[in-house]
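Subject: Structure for your review

Dear colleague,

Please find below the structure that I am handing over to you.

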Amino acid sequence: MPSRDANNATWYVLRYKEDFPLRAALDGEPCPPGPPNLFYDERRNVVELLPEALGPGERIEPLSGLAVDTEGDFYRTEAGTGRLLWRRCDGSEVDLVCEPRVLADPRGLALDRRGDLYVADPAARRVVVLHLEGAPDAVAVRAVLNGAAMAEPVDVAVAPSGRVYVADRGGADGTGAEQPGRIAIYSARFAWIAQFVPRNANGLPALPRPIAVMIEDDGTLLVADESFPYLLHFDPEGRPLGDVELASAAARDADEVALDALERAYGRRMPRFLAGVCPPATRTDCGCDPKIPNEAGQRLAQVHRALRLLRLRLGRKFEPCGFVVSRALDGGQPGTTWHRLEVDADLPEGTALTIETFTADDASAFDPVTADWRAPRAEDGTIRPFLEDVPDQLVQSPPGRYLWARVTFTSAGLATPSLRALRILYPRVSWLDLLPRVFRRDPESALFLEHYLALFEKVLTGVEDRRDEFSRELNPDAAPREVIDWLACLLDLSFDPSWDLAKRRALVSAAMELYRTRGTVAGLRRYLEIYTGAEVRIDESFLHRPAQPTFLGRPGSIVGCTFGLLVPLPVLPPESELLAAYAHRFTVVVYMNDRCDRETLLPVVDRIVTVNKPAHTVHRIVTVEPDARVGIQSCVGMDFVLGAREAQGTQIGGCDEPGAPKPEPARTGVLGRNSVLGPRRPSDLRGPLGSL
């Protein structure tokens with residue numbers, strides 16, 4: 001469909017990474033000179049500010065524990081209090097462990113697919129594995145992990161395979177010497193396997209202090225260090241891989257569950273939360289889509305990784321300023337008056353998003369520093385930012401064929417604007433053109449009036465767009481699936497679950513024609529062809545009825561071949577019995593390219609025929625598959641076709657003349673092309689197949 005509104009205005013939509021080219025800032029631009037402070041999240045398709053890089057001596061403190069189970073309940077710890085809390089789906093929260101000396105100062109949490117909760121307890125230098133069956137009244141300690149003399153275990157992660165990884169922050173030993181942190185590895189049976197010091201291939205950080213460990217989808221590890229600006233990346237055995245920027249580490253489809261858990265734990269003090277009520281962490285899909293795992297261990301690892309990544313991001317400050325300049329947008333002709341800017345963005349408290357534009361008829365006239373950037377301004381001269389309640393502004397730049405947009409992100413440090421899309425409409429539809437020319441006499445007044453009328457134009461154009469959109473949705477070729485199903489209900493149609501969207505569209509489009517021809521051969525054939533996607537043949541039995549019964553003794557009559565003997569019925573003469581055997585019966589021949597479709601296709605075909613045929617008729621369904629079976633599937637021209645592929649040395653019918661040369665091996669015999677059926681021989685009448 002053309003991208004035009006009710007006023008015949010079209011638009012550009014900037015949404016993808018190539019629409020937001022990032023570059024270093026220069027003097028004279030809205031942000032201080034330096035590298036780009038923005039990044040594009042390809043999973044969520046948003047542009048955001050980067051978290052600030054850690055300065056000298058700055059550290060990230062270990063996270064308090066947070067874990068979500070497969071039922072949507074979650075568990076959290078309170079640092080310094082020794083409390084391990086269980087919040088149930090109804091919002092109530094209770095202490096999970098009440099016995100003294102079980103936990104000293106619980107921190108990192110993780111769950112495995114068996115339902116066991118792993119609690120990193122740095123004060124006691126161990127990881128306690130709790131079996132939660134019967135929680136909170138009967139929580140049992142399944143195992144205690146403290147091999148290799150852990151110094152300060154602050155976090156734990158469980159891989160889908162069952163392997164357990166513990167982040168030991170390390171510290172001073174008995175002699176006061178600083179010991180590097182380590183990642184300890186345990187088996188699914190809680191046996192210590194190995195440990196490694198989390199340094200990258202360059203030997204950084206020199207003194208590791210791991211505070212969080214996460215499992216990636218491919219089984220590799222991400223480790224966050226308290227002072228290293230990147231996430232360290234390792235294979236399952238601890239061999240270093242390339243470092244990962246925290247801002248680009250994707251949480252993927254676990255974000256929604258993780259954000260919901262964060263919001264329920266901390267409220268809306270954290271930015272960019274999604275609302276929800278206890279979404280389950282597992283999925284019940286068939287598993288055919290590799291992007292949607294149905295294995296609890298893999299899903300739990302995804303959710304816990306998302307929790308750590310999001311909390312690491314939210315625990316850091318964001319860059320105060322960043323900007324991006326779009327590519328040149330072509331209006332198609334000189335002097336184009338660009339109309340309006342519309343944004344789709346999240347703007348948390350303490351953030352702002354402003355957009356300036358520059359237009360020119362010559363694309364080479366653009367200089368990002370010296371360009372005359374225009375935007376709506378307040379009385380004090382500052383640029384008016386976009387608001388979530390009013391996400392659009394008029395373009396302030398003069399007419400020009402090309403337009404560039406400069407989008408500036410600002411933040412107080414606690415959150416970041418998230419820009420999903422920017423829509424730029426052109427050309428401007430001015431209601432001032434509908435008024436007498438006297439209203440244009442004063443240019444300044446005319447500009448004010450044009451902007452004032454644009455307020456009404458936007459509202460009423462939206463109404464007209466909604467009307468046009470409704471008309472488009474009534475078109476089966478353009479309507480979405482939910483509208484197609486609604487239209488089918490209006491037309492008294494119902495779809496089998498096996499019907500895909502294309503078949504549903506075709507059936508709704510042909511509904512009037514099908515109702516008009518319902519009960520006829522043409523209507524039934526059309527209905528079946530829409531569903532099967534192939535030609536369907538309907539063979540009416542009366543067309544094959546002999547003119548009169550065959551009597552034994554006539555030439556060419558062979559018992560068991562040309563006719564069969566039936567039980568005599570004294571109430572019906574032979575002519576009437578012949579009519580009854582062929583009347584009101586038909587055969588539906590359905591072509592199938594794949595025999596595996598039989599169980600799905602045939603019940604639907606039978607249902608379509610039963611509902612749409614005349615009530616007094618009897619039908620039979622015959623499937624035709626890509627093979628040939630003499631006596632079963634051998635109707636030449638209908639379900640048996642002699643193909644064009646050469647058959648070596650084939651001669652069809654007839655006898656060789658005495659002394660005639662034999663056919664060449666490469667000679668082809670194709671019925672109707674270069675081969676002719678020969679004269680009938682007497683033996684044909686006595687063969688097992690009778691007279692052909």
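In what follows, contact means heavy atoms within 4.5 Å. Please note that this is a predicted model.

Overall picture

The secondary structure of the chain comprises nine helices and 30 strands. The chain has 692 residues, of which 42% count as buried. Of the contacts between residues at least 6 apart in sequence, 59% join residues at least 24 apart.

Helices α4 and α5

Two packed helices are described by the angle between their axes and the distance between the axes. For helix α4 (residues 481–490) and helix α5 (residues 501–509), the axes come within 10 Å and cross at roughly 35°. The crossing of α4 and α5 is left-handed.

Which residues bring α4 and α5 into contact? From α4 they are R481, I484, D485, L487 and A488, and these meet L501, R504, R505 and V508 of α5. By type, the residues of this contact are five nonpolar and four charged, with no polar ones.

The surroundings of α5

Within α5, the residues R504, R505, L507 and V508 are buried. Viewed down the axis of α5, the buried residues fall within an arc of 165°, so they line one face of the helix. The elements that cover them include α4, α6 (511–516) and α7 (521–532). At the start of α5, a side-chain oxygen of D500 lies within 3.4 Å of the backbone nitrogen of A502.

Backbone features in the loops

Two cis peptide bonds deserve mention. One joins L204 and P205, with an omega of about -5°; P205 is placed in the loop between β17 (192–196) and β18 (210–215). Another joins Y426 and P427, with an omega of about -15°; P427 is in the loop between β27 (418–426) and α3 (443–473).

F190 has a positive phi of about 70° although it is not a glycine, and its place is in the loop between β16 (182–186) and β17. H584, which is not a glycine either, has a positive phi of about 60°; H584 is found in the loop between α8 (574–582) and β29 (585–591).

With kind regards

Note on methods: Residues are numbered from 1 along each chain as its sequence is written. This is a predicted model: local features need pLDDT of at least 70, side-chain atom pairs count only at pLDDT 80 or more; totals for chains, interfaces and linings use all residues. Side-chain values use heavy atoms; hydrogens and water are left out. Axes are lines fitted to C-alpha atoms, for helices over the stretch in contact, and angles run from 0 to 180 degrees between N-to-C directions. Helices (H or I, at least four residues) and strands (E, at least two) are DSSP runs, numbered from the N terminus. A crossing is left-handed if the near helix is turned anticlockwise from the far one by less than a right angle, and right-handed if clockwise. Ala, Val, Leu, Ile, Met, Phe, Trp, Tyr, Cys and Pro count as nonpolar, Asp, Glu, Lys and Arg as charged, and the others, Gly among them, as polar. Buried means under 20% relative accessible area, exposed over 50%, partly exposed in between (1.4 Å probe, protein chains only). The arc is that of the directions from the helix axis to the C-beta atoms. A polar contact is a pair of N or O atoms within 3.5 Å; within protein, one must be able to donate a hydrogen and the other to accept it, and residues adjacent in sequence count only if both atoms are side-chain atoms.
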